[in-house]
Amino acid sequence: MSSAIVSIDNVRFGYNEQDGLVLRDLCLEIRQGSVTALLGPNGSGKTTLLNLCLGWLKPSAGEVRLEGRPLHSIARKQMGRTVSLVPQDEHLPFEYSVLEYVLLGRAPYLTTLQIPDAGHVEAAHRALREIGADQWAERGVTTLSAGEKQLVMTARSLAQQPRLLLMDEPSSHLDLANTARLLDRISALARSGVTVVLTTHDPRVASACATEVALMREGQILFAGPTQQALSAALLSRTYGIDVEVHAVGRHRMVTWS
Amino acid sequence: MAALLVGRYPQPGFMPPALLGSDPLALRVLLGLRLPRLLAALLVGAALAGSGTVLQMLFANPLVEPGLVGVTQGAAFGAALAIIGFSAQPLIVQLCAALFAAAGLAVSYTVARRIRFGGWVLRLVLAGIAVSAVYSSGVGILKYVADPMDQLPAITFWMLGGLWSVGWHELLFLLPAVLPALVVLLAMRWRANLLSLHDRVAFSLGTTPGRERLLLIAAATVATAAVTSIAGIVGWVGLLIPHIARRLFRADGRWSIPMSLLIGAAFVAFCDALGRTLLPGEIPLGILTSLFGAVGFIALLVRPGFRIER
């Protein structure tokens, strides 16, 4: 059994006092080399939990540890070299080329006044090749389709050479073919040693690429464990609050409801 | 070089370079009047265009310009106050303009911190608009109480923008503020790309986006406040030139920021040379930059392929 890269101990979090707690006494361990899906209905606290793992939000109580160290004791640059985020979408107001955009992933390896050199440009090309997108290097980012943009955002994250990749609803804007392509890439990344945590409200996404699933509802973890166990009719019915049936189709799980 | 030889001495148009050897007055006009004025025009253009490019990147909004965060209107209010309160002594007008420009940014920033909704960009833009409006009202009141024979024309002329009062002394006042600010903008030209991303993404890349943004905003404000205090309101440079630089070169700050500085400097120097040559009475610089700037912006807007999202 591999060790935990992220440990979340009794974490509570609320955005403000009026709205109450978004996460309540939440405990979770993310295992090194796993693809963990945070699965749950809208508003269950998945993205908030992802932001806590990133260090963007600080827990009101409890602690998040990365490789055994409290998250907020880790220097910003070191965090940038360890953890990376692929957001759900990104507004890009200027016509950067794909290469220029992916090169931004090298920021944790540069000082504030440093300009990336040829080595960093090669690292950006390598990240693009890894995701099968090097042919787009000179294209403008605003000309990319939603699927292409998702892959390019992933390449920007890979240029950071992170050990932990956080992905916020990675397939929410994608059609079937692009979803399949992206989920295959995620599985390949995990095989190369990168730990992936992704949020999704779609059990099909979890069944296609996750090795572990944490089911979330109302800011709490209902169940965390291997995907096959998590995607049961009883657990999914509790998670989503409706009666569902789960059908095995090959290695995938299809979820239907009456 | 051409701008140095252009003017209304000894006759409107080009001064023959040979005249410099034979006419001591020509040499004095060139070295004592035109050279500091040209250098000031280059600095004004570089500062406004460079600040505009960086602010557009920081706010991830291609419609932002230095006037947005209360700087320009703050400078206008400070200058008008000095003209009424301190008999329009140039140094006091400049200091007052710089002071209120910086105060404009400080108040915008403080108000933005206290707004309890929206992202940082929206909050700062809203606060900047409100603070600018307060300053505009103040300028209106000052104009209303100003002596219509003396003070009102001085305020109006200052707000039209121009470099007629700039000599070596004023240039030396400008340099210590503008040069370090431009060095910061240039030094952080690649970093500005990172700060054009959403805060959360910039944070995930190991930056401290709040602190780094503040440094760049401070540099852009110092540069803008300093040149506005000398030259009055020189509009449209900070909005249009960044678009031209991005279109002609690349959106990446490594190219767009230095190129904005160069194009902005050339544009203001050209407008200033034109303004002091065309008519016997000088055409205020702000009128020419606004005219060319607005026409250029319309031309850009209707071009195929030009778009502004969100």
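This is a predicted model: local features need pLDDT of at least 70, side-chain atom pairs count only at pLDDT 80 or more; totals for chains, interfaces and linings use all residues.
Reader: Which residues of α13(B) meet α12(B), and how many residues of the contact are nonpolar?

Author: On the α12(B) side you'll find B:Val237, B:Ile241, B:Pro242, B:Ile244, B:Ala245, B:Arg246 and B:Leu248. Facing them from α13(B) are B:Ser256, B:Met259, B:Ser260, B:Ile263, B:Gly264, B:Phe267 and B:Val268. Sorted by class, the contact has 3 polar residues and 1 charged one, while the nonpolar count is 10.

Reader: What about α13(B) and α14(B): how are those two oriented?

Author: Helix α13 (residues 253-277) of chain B packs on helix α14 (residues 285-301) of chain B with the axes 9 Å apart and an angle of about 125°. The crossing of this pair is right-handed. Given that angle, α13(B) and α14(B) are therefore oblique.

Reader: Which residues of α14(B) make the contact with α13(B)?

Author: From α13(B), the contact uses B:Val268, B:Cys271, B:Asp272, B:Leu274 and B:Gly275. By class, the whole contact has 6 nonpolar, 2 polar and 1 charged residues. The α14(B) part is B:Leu285, B:Leu288, B:Thr289 and B:Phe292.

Reader: Zooming out, what radius of gyration does chain B have?

Author: Chain B has 14 helices and 2 strands. For its 310 residues the globule rule gives 19 Å, and the computed value is close to that, so chain B is as compact as a globular protein of that length. The radius of gyration of chain B is 20 Å.

Reader: What percentage of the residues of chain B count as buried?

Author: The C-alpha trace of chain B spans about 65 × 45 × 35 Å along its principal axes. Of the contacts in chain B with a separation of 6 or more, 74% are between residues 24 or more positions apart. The buried part of the 310 residues is 51%.

Reader: Which element gives the largest share of the side of chain B that touches chain A?

Author: The contact takes 27 residues from chain B and 26 residues from chain A. On the chain B side, the elements giving two or more residues are α9 (191-195) and α10 (199-204). That side has 11 nonpolar, 8 polar and 8 charged residues. Its largest share, 4 residues, comes from α10(B).

Reader: How many helices and strands does chain A have, and what is its radius of gyration?

Author: Chain A has 9 helices and 12 strands. The globule rule gives 18 Å for 258 residues, and chain A is close to this, so it is as compact as a globular protein of that length. Its radius of gyration is 18 Å.

Reader: Is A:Val102 buried or exposed?

Author: A:Val102 lies in helix α3 (residues 98-103) of chain A. Not counting residues up to four places away in sequence, A:Val102 touches A:Ala124, A:Ala127, A:Leu128, A:Val152, A:Ala155, A:Arg156 and A:Ala159. The cut-off for burial is 20 or more other C-beta atoms within 10 Å. A:Val102 has 31 such neighbours, so A:Val102 counts as buried.

Definitions and conventions. Residues are numbered from 1 along each chain as its sequence is written. Chains are lettered from A and ligands numbered from 1 in the order in which they are written. Axes are lines fitted to C-alpha atoms, for helices over the stretch in contact, and angles run from 0 to 180 degrees between N-to-C directions. Angles under 35 degrees count as roughly parallel, over 145 as roughly antiparallel, 65 to 115 as roughly perpendicular and the rest as oblique. A crossing is left-handed if the near helix is turned anticlockwise from the far one by less than a right angle, and right-handed if clockwise. Two residues are in contact if their C-beta atoms, placed from the backbone, lie within 7 Å. Ala, Val, Leu, Ile, Met, Phe, Trp, Tyr, Cys and Pro count as nonpolar, Asp, Glu, Lys and Arg as charged, and the others, Gly among them, as polar. The radius of gyration is taken over C-alpha atoms; the globule rule is 2.2 Å times the number of residues to the power 0.38. A residue is buried if 20 or more other C-beta atoms lie within 10 Å of its own, exposed if 12 or fewer, and partly exposed in between; C-beta atoms are placed from the backbone.
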